[in-house]
Amino acid sequence: MGTAVARGPGTLAVYRTTRWSTTVELVVTDPRAVAAATGILNRQLDRVDQVASRFRPDSEINTLHSAAAHPSGWAHPVSDDLFEAVSLAVRAAALSDGAVDPTVGSALCALGYDRDFSALAGGVPGRLPAPRPVPGWQTVVVDSERRAIGVLPGTVLDLGATAKAWAADRASAAIADQLGCGTLVSLGGDIAVRNAPDGGFTIGIADVCGDRTTTVQVSIEAGGLATSGIGRRHWLLGGHPVHHLVDPDTGLPVDPYWRTVSVAAGSCVDANTASTAAMVKGVGAVTWLEQVGLPARLVRTDGLTVTAAGWPSDHGGGPGPDPARR
Amino acid sequence: MSSQRAPLGRTGPDHHVRRRRDAAVQRTRSITRTIAVASVSAVAVFAVYVSRALPGHAATTTGTTAGSTNGVTAGGGSSAGGSPSNLATPSSPPVQQQQQQQQQAPVVSGSS
């Protein structure tokens, strides 16, 4: 169920709803375009859900998992959409030095995250599994000629680090192309922007710490912005607190160095790839973000805020302190 | 110990023995050749099967299909949706909103 809030002629129109246990927000610069834009957005989200959801038995990615149970391990022809989704996930893994690995699906299931996140609210029974590396993104076969994907038997792909951001990129591009208006699509804080108005879209950057949320505001004119953190997506596994950011080397939740990482990039997929990778990389994240040239704001678990690669400091000055030098 | 051979072109029991021996050698040679060809073919077929059955163990280049002759990569992938070699940087970094300009942002990143 969504709501549309038009802020008057010439200003922004905002549509909000809930999907995938998170908030979906659509902002357009032409209030008359809200209805059409909402239709485009929902069709895009339906398609991504149909293709890439781990939680739908009839999703195409689960069909791929079933096919991979055959020991031959052949790559199976898939739809263009699933091929692109998996290709982007493998690309994210390669460009993050393996920090963002799509083969963490089995590890997430072992942690109890085998259902929609809303179903984890009351906690799940079980115990923390022993450390064990995930199969690894290098085992995923991407056959670009046959448009086929292959995974080893037992591998479960989780496209959570890229598919939601990819959906935001797809939806914002489709709306801007078809309706010609400025568009911002936010899926749980994974934000894609097209045709921004002068001065850009204003976005709040939240840092969640327990029941307290602090927010600073920035504006972006194009591309994507994403925030990863441990403040929201966590649950209890047999009474033990766990979260959704898995270290591929152990298959267990990352021991957090950062509480929140926000990154701006040329696309939402790349922003979310980098913000997730930074959470996994820990103390080495700032150096890596500087190397790849993606502006970022990182909040350490003790509250220290650091900025990198051109992200403005919270007080309007230059980049904040580098914790590696402290 | 020595053996005596019948002169060439002469018929007799030895001649028939030699013909049977030659024929047997010929058959043995043919069978050996057939087995050799079949073995090589079987190994080739088995190798193709194994290479396809265990694709994940054939690691290739990362992040690009370069070096792949048939478009198949293990852990490589296509360039769908972005550059295969780097994360795309934004056209401009985010701009801090000054306090006097701040109003409630319609969208928040990181709150859900």
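**Exercise 1. Decide how far α3(A) is covered, and test its length.**

Solution. Start with burial: 14 of the 16 residues of α3(A) are buried, so the helix is mostly covered. Buried means 20 or more other C-beta atoms within 10 Å of the residue's own; exposed means 12 or fewer, and partly exposed lies in between, with C-beta atoms placed from the backbone. Helices (H or I, at least four residues) and strands (E, at least two) are DSSP runs, numbered from the N terminus.

This is a predicted model: local features need pLDDT of at least 70, side-chain atom pairs count only at pLDDT 80 or more, and totals for chains, interfaces and linings use all residues. Residues are numbered from 1 along each chain as its sequence is written, while chains are lettered from A and ligands numbered from 1 in the order in which they are written.

Next, length. The expected span is 1.5 Å times one less than the number of residues. For the 16 residues of α3(A) that gives 22 Å, and the end C-alpha atoms are 22 Å apart, which agrees. Finally, look past the helix: D97(A) follows α3(A) with a positive phi, near 60°.

**Exercise 2. Assign the two faces of α7(A).**

Solution. Take the buried residues of helix α7 (residues 285-292) of chain A: A285(A), V286(A), L289(A) and V292(A). They cover an arc of only 135° around the axis, so they sit on the same side of α7(A). The arc is that of the directions from the helix axis to the C-beta atoms. The face turned away from the buried side carries the exposed T287(A) and Q291(A).

Then find the cover. The buried residues of α7(A) are covered by elements including β16 (258-265), α6 (268-281), β17 (296-300) and β18 (305-308) of chain A. Just after α7(A), G293(A) takes a positive phi of about 75°.

Definitions and conventions:
Contact = placed C-beta atoms within 7 Å.
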